[in-house]
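Biologist: Please show me the model and then take my questions one at a time.

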Amino acid sequence: QVQLVESGGGLVQAGGSLRLSCAASGSFLRINLMGWYRQAPGKQRELVAAFTRIGSTVYADSVKGRFTISRDYVKNTVYLQMNSLKPEDTAVYYCNARAIVLGRENDYWGQGTQVTVSS
């Protein structure tokens, strides 16, 4: 199995910055995909940023130019640097990993970390 532990959420004023971290641990062969999603109250969970299978990055249009995803392959950790935060970025942010466990690829989720941006 894979355990994902997130950290770095909190309360920040509009225009501020936060950095989220997600560390993966457990018995997995390989992590193929890793990224961040978010869910605001009353809305569906949406992709924020992620690494693809080939190591490229994808971003939601709403965060392009403001957020940067990075990854430490040795530490199995993914980061999300969030700059120029807006009130509409307020949500619970979830780390996601698609990993090979016992020969099968499965999706795993962190517990979520709250990001609140005040105006």
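Biologist: What is the handedness of the disulfide of C22 and C95?

Modeller: This is a predicted model, in which local features need pLDDT of at least 70, side-chain atom pairs count only at pLDDT 80 or more, and totals for chains, interfaces and linings use all residues. Residues are numbered from 1 along each chain as its sequence is written, and side-chain values use heavy atoms, with hydrogens and water left out. The sulfur atoms of C22 and C95 are 2.0 Å apart, and a disulfide is a pair of cysteine sulfur atoms within 2.5 Å. The torsion about their S-S bond is about -80°, so the disulfide is left-handed.

Biologist: Is C22 buried or exposed?

Modeller: Buried means under 20% relative accessible area, exposed over 50%, and partly exposed in between, with a 1.4 Å probe and protein chains only. The relative accessibility of C22 is 0%, so C22 counts as buried.

Biologist: Which residue has a side chain joined to that of R66 by a polar contact of 2.8 Å?

Modeller: R66 sits in the loop between β6 (57–59) and β7 (67–72). A polar contact is a pair of N or O atoms within 3.5 Å; within protein, one must be able to donate a hydrogen and the other to accept it, and residues adjacent in sequence count only if both atoms are side-chain atoms. The side chain that R66 joins in this way, at 2.8 Å, belongs to D89.

Definitions and conventions
Helix = DSSP H or I, 4+ residues; strand = E, 2+ residues; numbered from the N terminus.
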